[in-house]
Amino acid sequence: MNDIATYCSATYTWAQFTPAFILIGVAAVLLMADTFIKALPKRAYAVTAALSVLLVGCYTVSGEHTNAYSFLACLATGLSILVAYDYTKVSCASIAGGTSDEGTGEFYALPLVACAGILCLTQAADLIMIFVSLEVVTLTSYVLAGYFRRNQGSIEAGIKYLVLGAMSTGILVFGAAWYFGMTGTFILDSDVVIKTLSGSVASGTVAIGFLMSVALLFLGAFFKVGAAPMHVWIPDVYQGAPTPTTTFLAVASKTAGFALLCALVVPFRSKLLAIPGTHVADMLVNVFAVVAGATLLIGNLGALFQSNAKRLLGYSSIGQAGFILVFFLNLNPPDFLKISEHLSGPVEVLTYKYLLAYTLATVAAFFAIAMVRTQRGSEEISAFRGLGKTNPRTAFLIVVSFASLAGVPLTMGFMVKMASFFALVGAMQSWTYLVWLLPIMILTATAGFYYYFKIIRAMYWEKPQSGDKPLCVPFCTACVMTACAIALIVLGTWPLLTAFK
Amino acid sequence: MLIWLILIPVIAAALIGLLRTPGRLTAITAAAVMLVLGVGAILCSILCPECSKACLSTVCGTKIQFTLGLPFSKIMVLLALLVTLAATIGMKAPNKDAERSWSISSLLLSAGAIGAFMSDNIIAFYGFHELALIPTFIMIGCYGRGDRRSIAWTATVYLGLASMVLLAGLLLLCTQMNAWTFTALKTSVASGMPSTPCLIAGLLIVGFGTLVSLFPFHTWAAPAYASAPAPIAMLHAGVLKKFGLYGLFTLAEAFGSRCGELFGSWNNLLLLLLLGNILWVGYVTVSQTRLDDMLGNSSVMHMGYIFLAFAAVIADKGNNILAYQGAAVLMLAHGLTIAMLFLLTGQIESQTRTLELDSMGGLARKLPLLGFLFGLAGMASIGLPLLANFAGEYTIFVSCFANWKTGATAATAGCDVLTCCINWLNALPWGIGCVFTWMFNGISSGLSAIASVFGGLGAVQLTLVFALWGLVISAIYMLRAFRNIFESEIGHTSERATKLSCADIISAGFLALFIVLFGIAPQLLKPLMNLI
């Protein structure tokens, strides 16, 4: 019995999961309180939940099992709960109707459970743990996406996410089953992979079944990150889901997806496998190049014609995922790429940096959307009209976040987008034909300028309409947006001024 | 210390935007402080290059990669400082809100331009320029003349795409040379050249070229300048646009005598394109009926001469010091002149409320000083001796013949790029290649025939012969514009003119002063260039 257990799955210690347990505990307490202490104002739950998840985030950085993705997941979850904190007016109207806050408590507690799932995922070393923790994230997200039961869009989003998500889970499980069948274990490890492929690498043929399992696992991960061809759910779900949930899906869930993808590719990073010229390495690079190219095109070109800000950010999240996928072309970065620590590194570090820049900018953008929705009743880009006149300071903060998403220099978005270009240049050293990706990246990055600037245009070029009052910026929104803007600028400027040879 | 040249405008912009301090006043103060600091820094680095290195580029013990040691840094920073001050003094915003936005944008543009010209780090150099594009975009879209939104979008798409091409080129260059600063590039040239010089140079020329409005990538520029509010047009056309040329020259200088290996294969094509700027855009300029359109096009046209200097540098394998000097002087002079012209355009518009050349007339009788200042700037733009542009243009013309002997470098006409294209096209199926080959061969033999008629002139010299015609074209449109606006009968629009304000006179006079100063004594600029 014991043998089978060790054979099938990796060994873990309890300490690895302490942060996750804390979050589950807090969530349980909040859910109980929601049921039994009716008098407590629901916004208190939001504060408790956000604080606890942010504190756990600090713990994951300082603790023994430091993991950058855990920190990012906690940060993203905490901030998306804060979005919900400033969104109560809409939440109440869409959940219980009117101004009653009944039934909104779970809305603040459930993200904690999802975040616990992500924390487990970042520790996972075998497919069982990956699957279980991923399901924790996904199931909670289904509930959150459809949580506004009086809102048709939210219900539609919930159903779509459920159906498509279930399909992708099925694919992932199928992949896991094939993996077990081909390797005899669930452990993700380069030794396992090398053993399975031994002999076949040199002869140029690879066990088809193994490749199929890897392909299916990748497809499951592509669903979470929103990469083509598994991206179709994103625009509809992002647009329909409650804005705090959209925030969670856009940042925390994407972090989970990339943590998963990194876990899946790490076994292939062995020097034996990822060297250029071998069959497996070529195949991996080709797959990632094609997926990245398609994702870039679909996300960025699709975003060009959007008029709804949330849908725009949905396509943008696909497009940004495309830029991150380019990092995966360099599983073994060539030496010359190591000259600048800000532009190169192992794939998981680069991915983390990109996700951090993306998270900071996207969260700020969603805070703005939530604020505009609460006070102007619309999520269209045109609802941002005239903010440059009525709220110059807020408008500036929004400019910073969208400029960073577009990759305007001196913001962090530029640094990471450049790292993505840089990764391609690096990959071209070994696979010259990848040059076809360069025009696609140039084109899509330029397209980004066009559609992200649509918001900036609405704020500065459009005049406020006669009934438009200045937005009243809630305290929490103001704090988070300012912090995000400062972080984006500082992290984008300082390396440029100091760090290059 | 140098970092303050960027922090001051940014802080001033923040004060105006966040604390609602009076826009123009804050901007003028910031610009004046910057000018004093900047001139101080420039003098300091001329007088004591070694000791200034430490104090100029260190902040709290951390070394910041700013420098005034690059060949054109000082001169371009000086240009940016002068134009910023003039633009802020001469600002005529329609209302308080607009004045705030204009001030903020001017300051940010200025910060971006100065940052780019001081950066030793190639990526920061690129980044600061991009930063300056945002205020340009917003200002044209908000306060521009005419069909401002589509103009702003066109400019943004052109510049955005060009920036991406440029970034690709710079990244390839930096990775292949294993150097991320201009200084490091210079040292690493000794140990080797990039492995794909032709591709890199192509990307750089298209990228930088679009930003400088090199023919045929120039169509965004004239409408954008014509549409932009005066301070933005001044700063963009006068200062920021020089970024592309600055980049090309700085890279050429870093590659020293090997710059021919990098850019050489594109030189003949570049010569054709710059003739497009001078002649094609020149004639387009002649046909303009509005003053702002005319100036926008004229600015595009004059870029051709600076590109000519670049081509001369490349053709002479980097030894052409005269061409560097001519280009530096002309960049400064053109920046001052076009800024002054756009400034005066704003003043003319506020007096007459029109910029249609046909509906104006006799303005000099109402406002003789305005006529004099416009005349001065116009003459400078044509290249009248004793005004700054002449010094630059003349030096460039002479430099085209530097190190040239009769017949020694006769145009072999078919350039490397053409040969390259022919080989490439021959590989194409369906016989298309043959057609192109035939066309290119035709062009090549045509050019050789022309070259032989001119007694063995080289490609650069031949181009110069055609480019000189541009002087006549400039004279035609500028003198005609002057006559239409200031001479002849007093038009009904000129009747509206009242008087110039003190700020109008000071701002234009300030620029005029330097145009004359550098025209009479261009040698003052020599210490500002760090050339061997």
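Helices (H or I, at least four residues) and strands (E, at least two) are DSSP runs, numbered from the N terminus. By this definition, chain A has 21 helices and zero strands. Its radius of gyration, taken over C-alpha atoms, is 22 Å, close to the 23 Å that the globule rule (2.2 Å times the number of residues to the power 0.38) gives for 501 residues, so chain A is as compact as a globular protein of that length. The C-alpha atoms of chain A fill a box of roughly 75 × 50 × 40 Å along the principal axes.

This is a predicted model, in which local features need pLDDT of at least 70 and side-chain atom pairs count only at pLDDT 80 or more, while totals for chains, interfaces and linings use all residues. Residues are numbered from 1 along each chain as its sequence is written, and chains are lettered from A and ligands numbered from 1 in the order in which they are written.

The two chains meet through 31 residues from chain A and 35 residues from chain B, where contact requires C-beta atoms, placed from the backbone, within 7 Å. On the side of chain A that touches chain B, α18 (392–406), α19 (412–430), α20 (437–460) and α21 (475–498) of chain A each supply at least two residues. The most comes from α20(A), with nine residues.

Within chain B, helix α7 (residues 148–177) packs against helix α9 (residues 197–211) at an angle of about 150 degrees, with their axes 8 Å apart. Axes are lines fitted to C-alpha atoms, for helices over the stretch in contact, and angles run from 0 to 180 degrees between N-to-C directions.
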